[in-house]
Amino acid sequence: MSTNKLAVLNALDTARTQWYHVTAIVIAGMGFFTDAYDLFCISTVSKLLGRLYYYDPANPKHNPGKLPTPINNFVIGVALVGTLTGQLFFGWLGDKLGRKKVYGITLILMVICAICSGLSFGSSARSVIGTLCFFRFWLGFGIGGDYPLSATIMSEYANKKTRGAFIAAVFAMQGVGIIFAGLVSMILSKIFLQLFPAPAFEDDEIFSTQPEGDYLWRIVLMLGALPALTTYYWRMKMPETGRYTAIIEGNAKQAASDMGRVLDIEIDEEHDKLSQFKEVNKYPLLSREFFQRHGLHLIGTMSTWFLLDIAFYSQNLTQKDIFPAMGLVHKAPQVNALREVFETSRAMFVVALLGTFPGYWFTVFLIEKIGRFIIQLVGFFMMSLFMLIIGIKYDYLKNDNKWLFATLYGLTFFFANFGPNSTTFVLPAELFPTRVRSTCHALSAAAGKAGAMIGAFVVQSYTLDEDSKKIQHAVLVLAFTNMLGFCCTFLVTETKGRSLEEISGEDGGVGYYHDTEMSSRPTGARQSGRMEAI
């Protein structure tokens with residue numbers, strides 16, 4: 001370790017795990033719970049919106065009402081557009097104003113817009129969908145800010161031995177949010193179904209759509225405000241991270257005081273050493289020196305997150321269309337409107353509970369043992385393998401072996417989360433210097449959301465009409481994007497067990513790794529590590 005290492009940073013890196021770390025995980029994690037709930041609950045009610053507002057009795061095919069493809073894609077994808085914009089804006093703001101100052105703003109925005117998503121300015125289809133899309137854009141804008149801020153705050157609070165597990169635990173709350181999106185929709189739709197029974201669409205096209213369903217989708221969306229609201233007070237009580245206060249604000253005394261209080265230790269102020277530390281690390285983001293040191297890492301984190309989210313969000317947002325092919329739900333004409341919501345939510349809940357949720361926590365428990373690099377490589381490879389099998393044998397699986405279909409589909413979720421969906425969130429919070437950490441994480445996350453938008457606006461178009469050939473082609477394309485992600489993983493490096501300053505070169509070592517460390521890392525990691533050498 002360099003002699004330029006500040007005492008406050010060393011104290012953070014070596015502090016034993018304390019109750020405050022657990023509190024920080026819960027506070028930051030509830031933001032991700034809310035994020036996931038808000039982003040994915042729309043999939044449980046989007047078909048209900050079609051039945052309520054787009055049923056055409058003159059349709060010669062006599063099919064239930066369905067959101068037109070462009071409108072469906074926009075309803076599902078508009079929050080992703082907002083998320084991408086919010087990530088870039090709040091990520092940059094987090095480096096300029098501080099993590100804590102911006103953290104509360106994102107939460108307030110999420111609460112207000114989640115509530116307003118259930119309101120309508122008018123009763124026509126156009127006004128209802130227009131209002132929904134407007135507020136879901138701004139909901140996504142707030143959600144976007146949570147990505148870089150939560151990751152950065154957790155990485156800067158954690159000690160170096162458990163940092164990866166702590167950041168992954170924050171992100172794992174996304175899995176809990178996805179489960180609750182299905183669970184809440186399932187419970188509420190079942191209650192509504194008991195109170196307002198109706199015949200199936202094929203028995204009565206008009207009365208199969210219960211008008212009370214108009215309340216159901218609004219309640220489901222508005223409940224997304226509750227978890228964010230409960231954690232606002234605790235977010236505001238969190239002090240600014242010691243790394244931001246010391247390195248960016250240059251206030252060693254305040255950093256030592258804040259971190260000494262929350263970690264229950266005494267820390268020296270070290271004003272002189274802080275000046276030396278800042279002098280070594282003053283190059284800006286848009287500089288030749290930054291790209292020489294961190295350019296490949298930034299390309300690696302952006303490209304892997306982009307490729308991962310094409311597949312991950314395609315899976316999540318289109319599962320409502322794939323469930324009928326898997327036999328997990330009935331065909332639309334065979335059920336009424338509320339029954340369709342119940343069956344879609346139930347299938348989403350089961351897949352999330354058995355496939356999605358375990359993968360997150362496997363990452364939490366194993367990331368400090370296996371490392372980020374290996375988990376990401378294996379995850380991309382296994383996702384690609386299972387999607388390739390599904391794509392090649394789609395007709396057989398759909399018609400003759402639905403249980404194998406469901407198992408393979410669930411395994412793609414498992415290895416997404418015990419794999420790149422978790423590690424692409426962790427790595428950008430560790431690889432970059434403190435003064436641009438939030439911005440670099442935001443750039444990586446925004447690249448991911450660009451991939452998610454491809455899933456929402458392009459891939460989803462192939463699944464809406466449940467055409468087997470189109471779905472088959474879409475799955476094969478996703479298998480290919482996952483393999484590209486596998487290759488791009490070699491642009492990033494292993495960060496396990498090292499301090500943030502050692503990884504980024506901020507400690508005066510300028511990213512230099514001892515030969516023993518270099519030889520113990522994977523080939524791709526060693527290659528990218530050399531880019532940081534003096």
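Q: Is C133 buried or exposed?
A: This is a predicted model. In it, C133 has a relative accessible area of 7%. C133 is therefore buried, because buried means under 20% relative accessible area.

Q: And C41, buried or exposed?
A: C41 is buried as well, with a relative accessible area of 1%.

Q: How many disulfides does a search of the whole structure find?
A: The search finds zero disulfides. As background, a disulfide is a covalent bond between the sulfur atoms of two cysteines.

Q: Let us turn to the core. How many residues are in the largest nonpolar core?
A: The largest nonpolar core has 122 residues. Y147 and W217 are the residues with the most contacts inside this core.

Q: Which helix gives the largest share of this core?
A: The largest share comes from helix α7, residues 163-195, which supplies 18 residues.

Q: What about a second core, which residues does it include?
A: The second core is separate and has 12 residues, including L377, L427, L431 and C440. As a general point, nonpolar side chains in soluble globular proteins tend to be buried together.

Q: Now for helix packing. At what angle do helix α4 and helix α6 pack?
A: Helix α4 (residues 69-97) and helix α6 (residues 125-157) pack at an angle of about 35°. Their axes are 5 Å apart.

Q: Is the crossing of α4 and α6 left-handed or right-handed?
A: The crossing in which α4 passes α6 is right-handed.

Q: How do the residues of that contact divide?
A: The contact of α4 with α6 involves 17 nonpolar residues, 11 polar residues and one charged residue.

Q: Staying with α6, is A125 buried or exposed?
A: A125, which lies in helix α6, is buried, with a relative accessible area of 17%. Its C-alpha atom is 9.0 Å from that of L49, although A125 and L49 are 76 residues apart in sequence.

Q: Where is Y55?
A: Y55 is in the loop between α3 (42-53) and α4. Y55 has 23% relative accessibility, so it counts as partly exposed. The C-alpha atoms of Y55 and L67 are separated by 8.9 Å, and these two residues are 12 residues apart along the chain.

Q: Which side chains does R372 contact?
A: The side chain of R372 makes a polar contact of 3.2 Å with the side chain of E368. Another polar contact, of 3.1 Å, joins the side chains of R372 and T495.

Q: What about Q376, where does it lie?
A: Q376 lies in helix α15, which covers residues 372-392. Q376 is buried, with a relative accessible area of 1%. Its side chain makes a polar contact of 2.7 Å with the side chain of T423.

Q: Which helix holds G355?
A: G355 is found in helix α14, residues 337-370. With a relative accessible area of 4%, G355 is buried.

Q: How far apart in space are G355 and Y409?
A: Their C-alpha atoms are 8.3 Å apart in space, while G355 and Y409 are 54 residues apart in sequence.

Terms used:
Residues are numbered from 1 along each chain as its sequence is written. This is a predicted model: local features need pLDDT of at least 70, side-chain atom pairs count only at pLDDT 80 or more; totals for chains, interfaces and linings use all residues. Side-chain values use heavy atoms; hydrogens and water are left out. A nonpolar core is a set of buried Ala, Val, Leu, Ile, Met, Phe, Trp, Tyr and Cys residues joined through side-chain atoms within 4.5 Å. Buried means under 20% relative accessible area, exposed over 50%, partly exposed in between (1.4 Å probe, protein chains only). Helices (H or I, at least four residues) and strands (E, at least two) are DSSP runs, numbered from the N terminus. A disulfide is a pair of cysteine sulfur atoms within 2.5 Å. Axes are lines fitted to C-alpha atoms, for helices over the stretch in contact, and angles run from 0 to 180 degrees between N-to-C directions. A crossing is left-handed if the near helix is turned anticlockwise from the far one by less than a right angle, and right-handed if clockwise. Ala, Val, Leu, Ile, Met, Phe, Trp, Tyr, Cys and Pro count as nonpolar, Asp, Glu, Lys and Arg as charged, and the others, Gly among them, as polar. A polar contact is a pair of N or O atoms within 3.5 Å; within protein, one must be able to donate a hydrogen and the other to accept it, and residues adjacent in sequence count only if both atoms are side-chain atoms.
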